[in-house]
Amino acid sequence: LAARMLEYSRTQNASEHEERKPIRLVELVRETSGAMEHVRQAKGQHLNLIESPGAANVCILGEPAKIQRLIVNLLDNASRYAPQGSTIEIAVRRDTGGLMLSVANHGPVIPAELRERVFEPYYRLPGSGSDGSGLGLAIVKEIAAQHAATVELSSMTRTDGTVVNVM
């Protein structure tokens with residue numbers, strides 16, 4: 001909890017900014033997800049990386065460490081709330097506005113009326129049964145906002161999974 005609180009504090013701290021650089025998001029997603037493979041293996045989970053045509057050649061301008069932290073938090077949340085042996089999908093899609101990063105799992109659906117609340121610091125869904133701190137999505141939203149991006153939640157189906165889109 002202390003580590004997550006420090007991470008959240010650093011994300012908000014204006015002095016913690018690094019120089020913005022062109023980032024190949026697809027490459028950073030590959031590197032970051034590879035470094036987290038041990039977390040998924042412990043739960044028997046698999047990762048499916050989807051890239052739209054041309055996405056690998058598109059760069060975003062951003063703070064590399066923060067964008068990596070955003071990816072780590074999305075993958076950590078997806079793994080934490082997904083069942084053992086399930087597949088987590090991470091997609092980088094090119095659209096007219098640039099790139100969209102999506103992470104989806106087959107965990108519980110977040111009710112529509114609580115989808116904004118999960119971005120509040122320390123908020124955890126009632127009965128979530130996870131040992132999380134309630135800071136992961138707050139950190140994601142803060143980093144996205146600092147990079148002029150938005151974060152939206154949806155579900156894969158009415159009864160299965162959560163999808164987090166960063167655009």
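Me: Where is Ala148 placed?
Reply: In this predicted model, Ala148 sits in the loop between helix 5 and strand 6.

Me: What is its phi?
Reply: Phi of Ala148 is near 55°, a positive value in a residue other than glycine.

Me: And is Ala148 buried or exposed?
Reply: Ala148 counts as exposed, because its relative accessibility is 76% and the exposed class begins over 50%.

Me: What about Tyr122, where does that one lie?
Reply: Tyr122 belongs to the loop between strand 5 and helix 5 (136–146). Tyr122 is not a glycine, yet its phi is positive, at about 75°.

Me: How does Tyr122 count in terms of accessibility?
Reply: Tyr122 has 43% relative accessibility, so it counts as partly exposed.

Me: Turning to the sheet, what is the strand order?
Reply: The order is 2-4-5-7-6, in an open sheet of 5 strands with mixed pairing. Strand 2 and strand 6 (151–154) are the edge strands, each pairing on one side only. From one strand to the next, the twist averages 15°.

Me: Which helix packs on the sheet and touches strand 2, strand 4 and strand 5?
Reply: That is helix 2 (residues 25–35), whose direction makes about 175° with that of strand 2.

Me: Which strands does helix 4 lie across?
Reply: Helix 4 lies across strand 2, strand 4, strand 5 and strand 7, and it runs at about 25° to strand 5.

Me: Back to the strands: in which sense do strand 2 and strand 4 pair, parallel or antiparallel?
Reply: Strand 2 (residues 46–51) pairs with strand 4 in the parallel sense, over 6 bridges. Within strand 4, Ile90 is the residue opposite Leu49.

Me: And how many bridges link strand 4 and strand 5?
Reply: There are 7 bridges between strand 4 and strand 5 (residues 98–105), in the antiparallel sense. These two strands form a hairpin with 2 residues between them. Arg94 has Leu99 in strand 5 as its bridge partner.

Me: What joins strand 6 to strand 7?
Reply: Strand 6 and strand 7 (residues 162–166) run antiparallel and are joined by 4 bridges. Opposite Leu153 stands Val164 in strand 7.

Me: Let us look at Arg93. Where is its place?
Reply: Arg93 is in strand 4 (residues 87–95). With a relative accessible area of 31%, Arg93 is partly exposed.

Me: Which residues is Arg93 in contact with, leaving aside neighbours within four places in sequence?
Reply: With those neighbours left aside, Arg93 contacts Ile50, Ser52, Gly98, Leu99, Met100 and Ser102.

Me: How are the C-alpha atoms of Arg93 and Gly54 separated?
Reply: The separation of those C-alpha atoms is 8.6 Å, for residues that are 39 residues apart along the chain.

Me: Last topic, the helices. At what angle do helix 1 and helix 4 pack?
Reply: Helix 1 (residues 2–12) packs with helix 4 (residues 64–81) at an angle of about 140°, and their axes are 12 Å apart. Helix 1 is therefore oblique to helix 4.

Me: What is the handedness of the crossing, left-handed or right-handed?
Reply: The crossing in which helix 1 passes helix 4 is left-handed.

Me: Which residues meet there?
Reply: From helix 1, Arg4, Glu7 and Thr11 meet Lys66, Arg69, Asn73 and Asp76 in helix 4. The residues of this contact comprise 5 charged, 2 polar and no nonpolar.

Definitions and conventions:
Residues are numbered from 1 along each chain as its sequence is written. This is a predicted model: local features need pLDDT of at least 70, side-chain atom pairs count only at pLDDT 80 or more; totals for chains, interfaces and linings use all residues. Side-chain values use heavy atoms; hydrogens and water are left out. Axes are lines fitted to C-alpha atoms, for helices over the stretch in contact, and angles run from 0 to 180 degrees between N-to-C directions. Angles under 35 degrees count as roughly parallel, over 145 as roughly antiparallel, 65 to 115 as roughly perpendicular and the rest as oblique. A crossing is left-handed if the near helix is turned anticlockwise from the far one by less than a right angle, and right-handed if clockwise. Contact means heavy atoms within 4.5 Å. Ala, Val, Leu, Ile, Met, Phe, Trp, Tyr, Cys and Pro count as nonpolar, Asp, Glu, Lys and Arg as charged, and the others, Gly among them, as polar. Buried means under 20% relative accessible area, exposed over 50%, partly exposed in between (1.4 Å probe, protein chains only). Two strands pair if DSSP finds at least two bridges between them.
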